[in-house]
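These are my notes from a first reading of a structure that was new to me. I took the topics one at a time and wrote down what I looked up under each.

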Amino acid sequence: MTRIALCQVPVSTDPSVNLKRARQALARAEGADLAVFPEATLTRYGRRITSLAEPLDGPFVSGLAEAAREHGVSVIAGVFEPGDDRVHNTAVVIDAQGALTAAYRKIHLFDSFGAKESDLVAPGAEPVVAEVAGVRVGLITCYDVRFPELARALVDRGAEMFAVIAAWGSGPLKEDHWVTLVRARALENTMWTAAVGQAPNPGESSDGYGVGRSMLVDPLGVVRADLGTGPGVQVVEVDHEFTRTARATLPSLEHRMLAG
C-alpha cells in the first residue's frame, strides 16, 4: 500500500500565501507517504508568472522541502521556473527528507479553448518517471492528459502509477473532459492514477482556472475518491497488489501490437 494525500488547494497570485496553504495541507496529511498538489501551486496563471518564476532552489521549493522534511512526507507540486525567454511549467518531486529528486517540465502546452500558454511557457522535451515514496511515479501535467502517447511512454519507462496535476480551465463540458480523460489514462494503462487540481478560488475566479475534482482512479478506471469542488485534503490508499490482479484480468499492455 502507498498512502497518498490529494491536496486540493485554492491558489493565489501570491507565492507566500500558497506556501502557507501548502504547509497547512501537509499538516492535514497525517499518515500519507506522498502528498500531491496541483499544477501552478506557486502562483496562478497570468502574465505575472514570468516575474514570479523561481529557480528550483528558490524560496518556494525550499519552503516545500522544509515542510516535507518536517512532516516526513514526499511531495509533488507544480511551480514555474525561469527559462531563456519564457518560463517552464515544472512539476517538482521532493522526498520525505526534503531533497529535490526530480523535475518534469510540461511537454504539451495549453494552446486551446482560446488560451495560449506557449506565449509565456517553453515546452519540456522529456517524459519523467520519478522514484518517490517507494513507487515509480509517471508525471503528467494538465493538458498532457489529453495525449495518451505520453502516458504510454511513462509506462514504457517503468511507471507504477500516474500523478496528474492540473489547473484545469472551467467552461462548458470541461469538467466532464477532465473526469473522462483521467479515467481513460488509468484504464487504458491499467494504472492507479492520482489526479489533483486546483480548487476554485472565488477571489481570483475571473481567469477560470480551477475546477477541483481531484480523484484517485484505480487500474480498471473506477473512481475510488473524488474531492468535489471545494478545498480539501484526503488521504487515500493505492493497493499495488490490485494492479497485478487487474492486469491478470485485463492484460491489454501485453496485447499491444504496435509497441515501439
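Entry 1. I worked from a predicted model. I began with an open sheet of six strands, whose order is S5-S4-S3-S2-S1-S12 and whose pairing is mixed. Which strands stand at the edges? I found strand S5 (100-105) and strand S12 (232-238) there, each with a single partner strand, so one side of each has no neighbour in the sheet. From one strand to the next, I noted a twist that averages 25 degrees.

I then followed individual pairs in this sheet. Strand S1 (residues 2-8) pairs with S2 in the parallel sense, over three bridges. Within that pair, Leu 6 has Val 36 of S2 as its bridge partner. S2 and S3 also pair in the parallel sense, over three bridges, and Ala 35 stands opposite Val 75 in S3. S3 and S4, by contrast, pair in the antiparallel sense over seven bridges. Here Val 75 stands opposite Ile 94 in S4. I recorded S3 and S4 as a hairpin, with six residues between the two strands.

Entry 2. I asked how many of the residues of S3 are buried. The count is eight of the eight, so S3 is largely enclosed by the rest of the structure. Both faces are covered: Ser 74, Ile 76, Gly 78 and Phe 80 lie on one side, Val 75, Ala 77, Val 79 and Glu 81 on the other, and all are buried. I also looked up helix H3 (residues 59-71), which lies across strand S3 (74-81) and strand S4 (88-94) and runs at about 20 degrees to S4.

**Entry 3. Strand S8 and its partners.** I turned next to strand S8 (residues 161-166). Six of its six residues are buried, so the rest of the structure largely encloses this strand. Met 161, Ala 163 and Ile 165 point one way from S8, while Phe 162, Val 164 and Ala 166 point the other way.

I listed the pairings of S8 with two strands. Strand S7 (residues 135-141) runs parallel to S8 and is joined to it by five bridges; Gly 138 has Phe 162 in S8 as its bridge partner. Strand S9 (residues 192-197) also runs parallel to S8, with six bridges between them, and Ala 166 stands opposite Gly 197 in S9.

How are these strands connected? I found that S7, helix H4 (residues 148-156) and S8 make a right-handed β-α-β unit. S8, helix H5 (residues 174-188) and S9 likewise make a right-handed β-α-β unit.

**Entry 4. Helix H6.** Which residues of helix H6 (residues 240-249) are buried? I noted His 240, Thr 243 and Ala 246. They cover an arc of only 100 degrees around the axis, which puts them on the same side of H6. The buried residues of H6 pack against S1, S7, S9 and S12. On the face turned away from this buried side, I found the exposed residues Arg 244, Ala 248 and Thr 249.

**Entry 5. Two positive phi angles.** Ala 40 has a phi of about 55 degrees. Ala 40 is found in the loop between strand S2 (34-36) and helix H2 (49-52), and is buried, with a relative accessible area of 0%. For Cys 142, I recorded a phi of about 45 degrees. Cys 142 sits in the loop between S7 and H4.

Methods
Residues are numbered from 1 along each chain as its sequence is written. This is a predicted model: local features need pLDDT of at least 70, side-chain atom pairs count only at pLDDT 80 or more; totals for chains, interfaces and linings use all residues. Side-chain values use heavy atoms; hydrogens and water are left out. Buried means under 20% relative accessible area, exposed over 50%, partly exposed in between (1.4 Å probe, protein chains only). Helices (H or I, at least four residues) and strands (E, at least two) are DSSP runs, numbered from the N terminus. Two strands pair if DSSP finds at least two bridges between them. A crossover is right-handed if, with the strands pointing away from the viewer, the path from the first strand over the helix to the second runs clockwise. Axes are lines fitted to C-alpha atoms, for helices over the stretch in contact, and angles run from 0 to 180 degrees between N-to-C directions. Contact means heavy atoms within 4.5 Å. The arc is that of the directions from the helix axis to the C-beta atoms.
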